[in-house]
Amino acid sequence: MRRMTSYIHELPDWPKFHWNPANVAGQLAAVRYRQGRLLGRMEALGFNLRAEANLRSLTEEVLKSSEIEGENLDREQVRSSIARRLGMEAGGLPTADRNVEGIVEIILDATENYADPLSRDRLFAWHAALFPTGRSGMRKIMVGGWRPESADPMQVVSGPPHRERVHFEAPEAKRLDDEMKTFIAWFNGKEEFDLVLKASIAHLWFVTIHPFADGNGRIARTIADMALARSEGIPQRFYSMSAQIRQERKAYYDVLETAQRGGLAIDAWLDWFLGCLDRALRGAETILAAVFAKARFWEVHAGTSLNDRQRVMINHLLDGFRGKLTSSKWATITKSSQDTASRDIDDLIKKGVLSKDPAGGRSTSYSLIEPPPSGA
């Protein structure tokens, strides 16, 4: 007996998505207003502050898109890779691994070259960059090409062996050429509706086709970022959609599964996506606060005499140094001796830049002293 239809890609009208415009009009208007306000604020800032906000946002996007899939990248490697590609100062930051370079390359290509058409070759290049060794973990996969028929059925599952739960089953591999031709033509085609809605639909559509052996979620979010960059008309990113999705990961997977098992009326998916985007735009305030704090610090200490090691370490702290700063970490990062690290730290304490943390733990740690607010 043929099983009953379970997924939207099996419906006879696939992929004719539809929704009630009245259901999304209010949220779409609110998101567009918030986008405009954010871009207006960024336009009023100087070049250096905009560049720093862009760097921070892209760093969050790369880190959190990978975290959604359970992969934790090194923050400093990510920041280093992006900074170098943007022509920004990356002194003291480590050289990035190949897998970090790959995902950074994808995000930057999508957002800096957002106006260029999407193509099969471009998607293949993104996929190859995402898996530079040709493996996903220990598993060898098809890279830079659609998943092969030998991989059928392609399922998204969770749970222990023999008790797995199937959340989704993708279209058969033999359908992929036609499915992706239709998707790419639509993505590059004339706009029928707002580009923010297009970003939402592109995300759902691509991840439902699931054309690759792995990496579909990350590439779906990259395509959505590309459409959002088109909606704003600028290559810089000042917020991170993936960072917000990471915070709402369970809801993200739940609403995605519901949409893929439902009908082609996607009002619920659009409602969630627009709400998540609105919350991501609100999250830009956190990024801006960090940018302003860094600018304020260097304004206050413009006349403070610092050596190169001290500048490198202060920037590490301003950029979100993980854990506690100790003299041992200072020595390791700056490639200096323990004595040199201790002298550098003592000098910064005397100059009112660092303070010794309250006693606790096996090693003495230190923190930056926040400068007073402007005008205080």
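Let's start with charge pairs: the structure holds 29 salt bridges, a salt bridge being a side-chain nitrogen of Lys or Arg within 4 Å of a carboxyl oxygen of Asp or Glu. Keep in mind that this is a predicted model, where local features need pLDDT of at least 70 and side-chain atom pairs count only at pLDDT 80 or more, while totals for chains, interfaces and linings use all residues. Residues are numbered from 1 along each chain as its sequence is written, and side-chain values use heavy atoms, with hydrogens and water left out.

One of these salt bridges joins E285 to R41, with 2.6 Å between the closest N and O atoms. E285 sits in helix α11 and R41 in helix α1 (residues 21-44), so this pair ties together parts that are 244 residues apart in sequence. Helices here are DSSP runs (H or I, at least four residues), as strands are (E, at least two), and they are numbered from the N terminus. E285 is partly exposed, at a relative accessible area of 43%, and R41 is partly exposed too, at 34%. For these words, buried means under 20% relative accessible area, exposed means over 50%, and partly exposed is in between (1.4 Å probe, protein chains only).

Now look at R79 and E52, whose side chains meet in a salt bridge at 3.0 Å, N to O. R79 belongs to helix α3 (residues 75-85) and E52 to helix α2 (residues 47-68), so the pair ties together parts that are 27 residues apart in sequence. Both R79 and E52 are buried. They also belong to a network of salt bridges that links E52, R56, R79, K294 and D319.

Another salt bridge brings together the side chains of R175 and E179, at 2.6 Å from N to O. R175 is partly exposed, with a relative accessible area of 24%, while E179 is buried, at 10%.

The axes of helix α6 (residues 176-188) and helix α7 (residues 195-209) come within 11 Å and cross at roughly 170°. That makes α6 roughly antiparallel to α7. Axes are lines fitted to C-alpha atoms, for helices over the stretch in contact, and angles run from 0 to 180 degrees between N-to-C directions. Angles under 35 degrees count as roughly parallel, over 145 as roughly antiparallel, 65 to 115 as roughly perpendicular and the rest as oblique. From α6, the contact takes in L176, E179, M180, T182, F183, W186 and F187, and from α7 it takes in K198, I201, A202, W205, F206 and I209. Contact here means heavy atoms within 4.5 Å. Sorted by class, the contact of α6 with α7 has 10 nonpolar, one polar and two charged residues. In that sorting, Ala, Val, Leu, Ile, Met, Phe, Trp, Tyr, Cys and Pro count as nonpolar, Asp, Glu, Lys and Arg as charged, and the others, Gly among them, as polar.

Both α6 and α7 turn up again around helix α5. The buried residues of α5 (residues 120-130) are R122, L123, F124, W126, H127, A129 and L130, and what covers them includes α4 (98-112), α6, α7 and α8 (216-232).

For another helix pair, turn to α10 (residues 249-261) and α11 (residues 267-300), whose axes come within 9 Å and cross at roughly 160°. That makes α10 roughly antiparallel to α11. A251, Y252, V255, L256 and A259 in α10 meet A268, W269 and W272 in α11. The residues of this contact divide into eight nonpolar, no polar and no charged.

Finally, a few spots in the backbone deserve a look. Most residues other than glycine have a negative phi, and most peptide bonds are trans. The peptide bond from W14 to P15, though, is cis, with omega near 0°, and P15 is found in the segment before α1. H210 has a positive phi of about 50° although it is not a glycine; you'll find H210 in the loop between α7 and α8, where it counts as buried at 11% relative accessibility. K335 is not a glycine either, and its phi is positive, near 55°. The loop between α13 (327-334) and α14 (338-350) holds K335, which counts as exposed at 75% relative accessibility.
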